[in-house]
Amino acid sequence: MSHYNDDATQATVHGSDADPGPGPESGLGSSRGRPRDPQVDERIRRATRELLSEKGFAETTIVAVARRAGVGAPAIYRRWPSRVAMIENAIFPGFDDIVVRATGDLTSDLRRYVDGFLAAFDQPAARVALPALLSIYQSDPAGHAAAAQRVDAGVREPFRAMVAAAAPRATGVNSDDLLDLAIGAVLFHLFIRRFSGRDMASDYIADLLARVAATA
């Protein structure tokens with residue numbers, strides 16, 4: 001149980017590129033101090049992904065990530081409030097790249113969305129982290145209700161527009177339900193299919209979703 005807790009101990013850091021730790025800029029709304037370096041953000045994300053892939057979820061702590069990234073632990077806490085938030089940001093920084101320009105061909109557009117979700121969820125770090133994150137969400141669903149919103153925040157509106165562009169073929173479908181089904185099918189394909197003996201390739205998933213939309 002304890003290995004899920006954030007470790008607030010500051011990591012020992014060497015090197016001139018280390019984040020200096022708490023400083024004037026750590027105050028809310030403060031204009032003083034050095035602006036945060038986006039390169040530090042990316043070093044932290046990269047270190048988080050590397051540790052997840054190499055060591056697993058339990059050993060991807062704030063201190064371990066800080067040491068790997070060459071920053072102080074306070075630098076991480078200024079960016080993310082907890083270890084879970086840090087890991088979420090590293091493996092699901094946003095699905096902006098999955099936004100698909102609507103063509104009016106629902107099956108083709110759905111296939112590109114499914115391929116995008118597969119690529120996002122099938123990264124080694126995401127494969128390691130997601131089952132553990134789901135377990136944490138189950139223990140505190142209210143506290144982690146925003147997690148799903150972070151996953152699809154940049155996708156839902158464009159997805160609705162994509163479905164609307166396929167009218168009148170899909171006028172009766174609820175696009176939010178269709179997106180949820182797409183994400184669920186992708187997660188099944190990646191995490192459950194191997195144990196069920198069933199295959200659900202992206203083409204099959206897209207065709208199935210298109211048939212659901214057409215009959216709605």
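Helix 11 (residues 202–215) contributes the most to a nonpolar surface patch, with three residues; helices here are DSSP runs of H or I with at least four residues, numbered from the N terminus. The model is a predicted one, in which local features need pLDDT of at least 70 and side-chain atom pairs count only at pLDDT 80 or more, while totals for chains, interfaces and linings use all residues. Residues are numbered from 1 along each chain as its sequence is written, and side-chain values use heavy atoms, with hydrogens and water left out.

The patch consists of Leu181, Tyr204, Leu208 and Val212, which together have about 310 Å² of accessible area. Such areas come from the Shrake-Rupley method with a 1.4 Å probe, and for residues only the protein chains shown count as cover. Patch residues have over 30% relative accessible area and no salt bridge, and nonpolar side chains (Val, Leu, Ile, Met, Phe, Trp, Tyr) are joined within 5 Å, like charges within 9 Å. A salt bridge is a side-chain nitrogen of Lys or Arg within 4 Å of a carboxyl oxygen of Asp or Glu. Leu208 is located in helix 11 and is partly exposed, at a relative accessible area of 32%. Buried denotes under 20% relative accessible area, exposed over 50%, and partly exposed the range in between (1.4 Å probe, protein chains only).

In helix 8 (residues 156–165), Arg156, Phe159, Met162 and Val163 are buried. Viewed down the helix axis, these residues fall within an arc of 115 degrees and therefore line one face of helix 8; the arc is taken from the directions from the helix axis to the C-beta atoms. Glu157 and Ala164 are exposed on the other side of helix 8.

Aromatic rings of Phe, Tyr and Trp (its six-membered ring) pair if their centres lie within 6.5 Å, with planes under 30 degrees apart counted as stacked, over 60 as edge-to-face and the rest as tilted. Three aromatic pairs are found by this rule. Phe92 and Phe121 pair edge-to-face, with 5.3 Å between centres and 70 degrees between planes. Phe92 lies in the loop between helix 4 (83–91) and helix 5 (106–121), and Phe121 in helix 5, so the pair ties together parts 29 residues apart in sequence. Phe92 is buried at 10% relative accessible area, as is Phe121 at 3%. The rings of Phe117 and Phe121 are stacked, because their centres are 6.4 Å apart and their planes at 25 degrees. Phe117 is buried, at 0%. Ring pairs join Phe92, Phe117 and Phe121 into a cluster.

Key: Helix = DSSP H or I, 4+ residues; strand = E, 2+ residues; numbered from the N terminus.
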